[in-house]
Amino acid sequence: MKSYRKELHFCLPSRRGLQNITDEVQKAVTESGVMEGLVLVNAMNITASVFINDDEPGLHRDYEVWLEKLAPEKPYEQYRHNGFEDNADAHLKRSVMGRETVVAITAGRLDFGTWEQIFYFEFDGKRDKRVLIKVIGE
């Protein structure tokens, strides 16, 4: 069995942002040489998320609006976590969107359903963040 590890690095210029990382994940799968297996993709920061959905701008905006209703950024004083930092809302948003995703690899390609893509969602940007890609298989 083969195992391959790669990190993606992000430093988004805004507090929140969504980025399609499907091509980078497929590139890592190709680099790994794994033809049949699994790839784990996870955000290595507690204020960011990795998830699978449709790459449609309206849906991306809907996520932003919905998450802001669930855990509004302001007023900062509404959260007990805020003190040294002002990112309690980012922790809550990450809890809703999840930490990671796993995708099957078939014939060396990500084995997706129709319209599925992998996304990195940043909730507390303007600083360095990482995403782990771990490929395992034959």
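This section describes the salt bridges, a helix, a sheet and a surface patch of a predicted model.

Side chains of opposite charge can pair when their charged atoms come close. Across the whole structure, a search finds 17 salt bridges. A network of such bridges links R15, R16, E64, E68, E73, E85, D86, D89, K93, D124 and R127.

Another salt bridge brings together the side chains of E68 and K93, at 2.7 Å from N to O. This pair also links distant parts of the chain, since E68 is in helix α2 and K93 is in helix α3, 25 residues apart. The two partners fall into separate accessibility classes: E68 counts as partly exposed because its relative accessibility is 23%, and K93 counts as buried because its relative accessibility is 1%, which is under the 20% limit for burial.

A further salt bridge is formed by the side chains of R127 and E85, with 3.6 Å between N and O. Here the link runs between two loops: R127 is in the loop between β7 (116-122) and β8 (129-137), and E85 is in the loop between α2 and α3, 42 residues away. R127 is partly exposed, as its relative accessible area is 31%. E85 likewise counts as partly exposed, at 31% relative accessibility.

Helix α1 spans residues 22-32, and its buried residues are T22, V25, Q26, A28, V29 and S32. Viewed down the axis of α1, these buried residues fall within an arc of 155°, so they line one face of the helix. The exposed residues D23 and T30 are carried on the face of α1 turned away from the buried side. The helix is followed by G33, which has a positive phi, near 80°.

Strands of a sheet pair through backbone hydrogen bonds, either parallel or antiparallel. In this model, an open sheet is formed by 3 strands in the order β2-β7-β4, with antiparallel pairing. The strands β2 and β4 (48-54) stand at the edges and have a single partner strand each, so one side of each is left without a neighbour in the sheet. On average, neighbouring strands of this sheet are turned by 30° against each other, direction ignored. The antiparallel strands β2 and β7 are joined by 4 bridges. G17 has E122 as its bridge partner in β7.

On the surface, W66, L70 and V96 form a nonpolar patch, and together they have about 290 Å² of accessible area. L70 counts as partly exposed because its relative accessibility is 48%, a value between the 20% limit for buried residues and the 50% limit for exposed ones.

Terms used. Residues are numbered from 1 along each chain as its sequence is written. This is a predicted model: local features need pLDDT of at least 70, side-chain atom pairs count only at pLDDT 80 or more; totals for chains, interfaces and linings use all residues. Side-chain values use heavy atoms; hydrogens and water are left out. Patches are made of residues with over 30% relative accessible area and no salt bridge: like charges are joined within 9 Å, nonpolar side chains (Val, Leu, Ile, Met, Phe, Trp, Tyr) within 5 Å. Accessible areas come from the Shrake-Rupley method with a 1.4 Å probe; for residues, only the protein chains shown count as cover. A salt bridge is a side-chain nitrogen of Lys or Arg within 4 Å of a carboxyl oxygen of Asp or Glu. Buried means under 20% relative accessible area, exposed over 50%, partly exposed in between (1.4 Å probe, protein chains only). The arc is that of the directions from the helix axis to the C-beta atoms. Two strands pair if DSSP finds at least two bridges between them. Axes are lines fitted to C-alpha atoms, for helices over the stretch in contact, and angles run from 0 to 180 degrees between N-to-C directions.
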